[in-house]
Amino acid sequence: GDTHDFDPLTVADAESRLRRILADPAGGDVARLAALHVLAQPESPWSPHYFSGVAAPGPDRGLVGEELRLSPSQASSYEECPRRYALERRLRAVEGDSPHLRFGSIVHRVLEEAEGDATGTGRPHADLDTALAQLDRVWELEADFGSPAMNEAWRRRAALLLDRLYSDWPGVDREPIALEMSLEATIGGVEWVGRADRVDPAPGGGVTVVDYKTSKTPPTLKEAARSLQLGYYIIAASAAPALAAHGPPVGAELWFPLSRTARSTFSFDMGELPEVEARLEAAARGIAQEDWAPRVGSHCERCPVRLVCPAWPDGREGYR
């Protein structure tokens with residue numbers, strides 16, 4: 001049918017229509033040149049360098065080298081959508097980091113240094129004053145959110161996170177066993193690596209692995225219970241020589257000090273370990289085979305690469 005029956009309602013709709021007109025040999029020279037003219041305007045809301053017709057789509061293979069080394073975050077990304085994983089993690093199609101990622105990186109740095117200062121003192125963790133002092137120092141060196149007003153807004157959020165974390169510490173009252181610990185494992189013949197924010201002694205023996213989260217939106221209890229990241233930490237911690245003397249891992253937790261809900265800690269279900277290992281192996285197979293088929297879901301609504309995804313009309317034009 002006619003693809004031009006309805007007026008575009010968004011910038012993406014307008015761009016898609018112009019791209020279709022330009023790519024249609026039967027559309028007439030005048031209409032195609034007019035579409036090209038609009039698309040190529042420097043003040044247009046899209047880049048003139050990225051529309052269909054510039055070059056034929058290339059192959060989907062050749063993104064993975066001979067040696068495969070993965071992380072649980074890669075597995076989670078691939079499991080959600082292989083196509084987005086390929087574009088973001090392998091092709092680096094999305095430039096720069098988001099302010100949320102930058103914020104998370106800074107807060108993790110503050111917590112690493114504050115907790116490191118408390119190590120060896122006999123205290124179970126740092127205190128709020130120490131953490132805020134580290135925040136001031138790190139913020140001065142690393143914070144760059146575009147303007148002084150935005151810097152201050154993000155700093156207030158960081159201070160709120162630290163206040164909530166240290167005012168109601170969710171962990172045990174014993175000194176941590178390790179901070180920022182690299183955890184490596186071989187699963188299904190593939191090398192994996194991850195980094196745990198802290199490893200605490202468990203109250204009844206063994207160890208608990210903890211991962212700090214800086215988002216305000218936590219997972220559901222079910223999602224946390226079967227988390228690939230937490231499950232991987234337990235698998236890798238079980239084989240870590242540095243932890244052998246402390247007993248096996250008996251749990252793993254996500255800490256969300258800024259949680260919008262009443263709950264700020266979310267635990268892994270140890271009964272999910274076999275399934276998590278199978279999912280990690282499945283992700284590794286898919287990546288090794290370079291299977292980048294898109295996986296449609298609610299995550300598509302905010303996907304930064306949707307405009308080049310063949311699962312959606314927005315991006316399908318580039319795959320004709």
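## Cysteines without disulfides

The sulfur of C303 lies 6.3 Å from the closest cysteine sulfur, in C81, so it is too far for a bond. A disulfide here is a pair of cysteine sulfur atoms within 2.5 Å. The structure holds zero of them. C309 is in no disulfide either; the nearest cysteine sulfur, that of C81, is 5.9 Å away.

C303 counts as buried, at 18% relative accessibility. C309 is buried too, with a relative accessible area of 9%. Buried means under 20% relative accessible area, exposed over 50%, and partly exposed in between (1.4 Å probe, protein chains only).

## Basis of the model

This is a predicted model: local features need pLDDT of at least 70, side-chain atom pairs count only at pLDDT 80 or more, and totals for chains, interfaces and linings use all residues. Residues are numbered from 1 along each chain as its sequence is written, and side-chain values use heavy atoms, leaving out hydrogens and water.

## The nonpolar cores

The largest nonpolar core has 41 residues. Such a core is a set of buried Ala, Val, Leu, Ile, Met, Phe, Trp, Tyr and Cys residues joined through side-chain atoms within 4.5 Å. L70, L183, W192, Y232, L280 and I287 touch the most other members. Apart from this core lies another, of 26 residues, including L111 and V210.

## A hairpin

Strands β2 (residues 178-187) and β3 (residues 190-201) run antiparallel, joined by nine bridges. Strands are DSSP runs (E, at least two residues), numbered from the N terminus; two pair if DSSP finds at least two bridges between them. L183 has G194 in β3 as its bridge partner. Two residues separate the strands of this hairpin, and G188 in the turn has a positive phi of about 60°.

Note on methods
Helices (H or I, at least four residues) and strands (E, at least two) are DSSP runs, numbered from the N terminus.
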